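Work through the exercises below with the sequence and the 3D view open. Try each task before reading its solution.

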Amino acid sequence: MEHRRVVITGLGVVAPNAIGVEDFTLALREGRSGIRFQKELKDLGFSCCIAGIPQIPDGMAERYLNRLQLRNFNSSGILYGCIAGIDAWKDAGLTVAPDSPLDLDSGIVFGTGQSGSEKCREVIYNIDDHQVRKLGSTVVAQTMASGVSAYLGGILGAGNQVTTNSSACSTGAEAVMMGYERISSGKAQRMLVGSCSDHGPYIWGGFDAMRVMTYKHNESPVQGSRPLSATASGFVPGSGAGALLLESLESAQARGATIHAEVLGGAVNSGGQRDGGSMTAPNANAVKRCIGQAIISSGIGSADIDAINGHMTATIKDGMEIKNWTEALGRSGVDFPYINSLKGMIGHCLAASGSIECVSTVIQLKEGFLFPSVNSEDLHAEVTELISADRIPQRALPMELEIIAKASFGFGDVNAVVIFKKWSA
Amino acid sequence: MTKEEIIAKLKVIVKPYIQDEKAFEDLTEETDFVKDLKINSANLVDVILDVEDQFDIILDNDSMEELLSVKAAIAVIERKLAAKE
């Protein structure tokens, strides 16, 4: 069967520490934090009162959604997804016009965990007040899981597959693999892939109740998200969206598009909540199998991986993730690839995390640097027992990197690994 | 409320939803919301909710089905306003 190469020609990002690829690149170099104290969480009695919320300036939404789309609009994840998705589309040199012809070769896989949580709250209050007839016409579009891909599909005029995937915190990386497979198998020329997550108490409350979010940094938000650290005390919730325009190499070259990087391959699987896996804990064998399959499908060896952009949430599972990587790659100590976690800067953006982190991976390859894994200055012993401390950048390191692996793991014992390669014409 | 006053209020209500500016400028009693103004049929429920708020009336499901043109809207609104008095 024909197997086509897949490259990245567009990027878009809405992150708690920056909006847009240019400022996000700067933020990555600076190790800029997007974690802030959230009075709303404090007032509601949350244990964790810090979070990462993108700072959307006044007037920005109006540049992406029209007046009608913004009427009674209350779905932050869809807004973040539309901004990131439209930016990635334009970054690829493609045009956005309401009367553009239907593009049969372009599709969308844009994931989320849950759509329009604030809108759902309005709906529940209205219905319980016997006011179902007052809901208006956009409740379904804002609260259906596929809302974000439906909004983007109409704005861009995409005529190939348009769908939303959902696999908890592996959603974003999984979306990349779904788009990659559709292009590599010849079913589409271009796939806009990514994911988004709402901000707010109705998305984060369940995690607060599980006591997996840190409650120790309400007075020190910037230091709160501590992946790989001995003093990690739970994750900090985040929100936003990341988007990548994947394209067949032949289409990108025919259009003369700028190529940011290549997707060499990857893998998705599940641990089936067996062999130590559960709803919330990973089956280590499945994680290692996913990493191994990603390497094989990319046609590389484990020695070829220069760096890992980890899942690394700042819970008790970070040490286990390092152990899985060392065993899957057969590399440890000074021989281990560089590894960093974006979550130290922006927290855990849940369904959006994988796509935002994939965008950061592509930027590292293209711009030639490793971003600092912030708040890991006091590395956990479980980490330093297995890998050399200098494998974890404490400040931005200028460096030509060829291959970076990005992994995301999610509730339900699901895994996704994507292998990115620097593009050299 | 005169017919002209009702039309003036209706124009403000439908403006966010129209997709044909020319037809909107030339709006008369004969104007059809969907055929002429090109309002997305899904948005008709939003128009109806705004009509209810602006005129302080309640439109039952049967009245809602009638409300497809300026003329029909005026008739329904006048009837509901009269019933209030």
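The exercises that follow concern a predicted model, and they go from confidence to chains and then to contacts.

**Exercise 1. Confidence**

Task: State which scores the predictor gives the complex, and what pLDDT chain B averages.

Solution: Start with the complex. The predictor gives it an ipTM of 0.86 and a pTM of 0.96. Then turn to chain B, where the average pLDDT is 92. In chain B, 100% of the residues score at least 70.

**Exercise 2. Chain A**

Task: Count the helices and strands of chain A, then decide how its radius of gyration stands against the globule rule.

Solution: First, the count: chain A has 14 helices and 15 strands. Second, the rule: for 425 residues it gives 22 Å. Third, the comparison: the radius of gyration of chain A is 20 Å, close to that value, so chain A is as compact as a globular protein of that length. As for extent, the C-alpha trace of chain A spans about 60 × 55 × 40 Å along its principal axes.

**Exercise 3. Chain B**

Task: Give the order of elements in chain B and test its radius of gyration in the same way.

Solution: Chain B contains five helices and zero strands. Read from the N terminus, the order is therefore α-α-α-α-α. A compact globule of 85 residues would have a radius of gyration near 12 Å. Chain B has 12 Å, in agreement with this. Along the principal axes, the C-alpha atoms of chain B fill a box of roughly 35 × 25 × 20 Å.

**Exercise 4. Two helices of chain B**

Task: Describe how α1(B) and α3(B) are placed relative to each other, and list the residues that meet.

Solution: Locate the helices: α1 of chain B covers residues 3–14, and α3 of chain B covers residues 44–55. Their axes are 10 Å apart, and the packing angle is about 135°. An angle from 65 to 115 would be roughly perpendicular and one over 145 roughly antiparallel; α1(B) and α3(B) are therefore oblique to each other. The crossing of α1(B) past α3(B) is right-handed. On the α1(B) side the contact involves K9(B), I13(B) and V14(B). They meet V47(B), D50(B), V51(B) and Q54(B) of α3(B). By class, the residues of this contact are four nonpolar, one polar and two charged.

**Exercise 5. Between the chains**

Task: How many residues of each chain are in contact with the other chain, and which classes occur on the side of chain A?

Solution: Six residues of chain A touch seven residues of chain B. The side of chain A divides into one nonpolar, two polar and three charged residues.

Technical notes. Residues are numbered from 1 along each chain as its sequence is written. Chains are lettered from A and ligands numbered from 1 in the order in which they are written. This is a predicted model: local features need pLDDT of at least 70, side-chain atom pairs count only at pLDDT 80 or more; totals for chains, interfaces and linings use all residues. Two residues are in contact if their C-beta atoms, placed from the backbone, lie within 7 Å. Ala, Val, Leu, Ile, Met, Phe, Trp, Tyr, Cys and Pro count as nonpolar, Asp, Glu, Lys and Arg as charged, and the others, Gly among them, as polar. Axes are lines fitted to C-alpha atoms, for helices over the stretch in contact, and angles run from 0 to 180 degrees between N-to-C directions. Helices (H or I, at least four residues) and strands (E, at least two) are DSSP runs, numbered from the N terminus. Angles under 35 degrees count as roughly parallel, over 145 as roughly antiparallel, 65 to 115 as roughly perpendicular and the rest as oblique. A crossing is left-handed if the near helix is turned anticlockwise from the far one by less than a right angle, and right-handed if clockwise. pLDDT is the predictor's confidence in each residue, from 0 to 100. The radius of gyration is taken over C-alpha atoms; the globule rule is 2.2 Å times the number of residues to the power 0.38.
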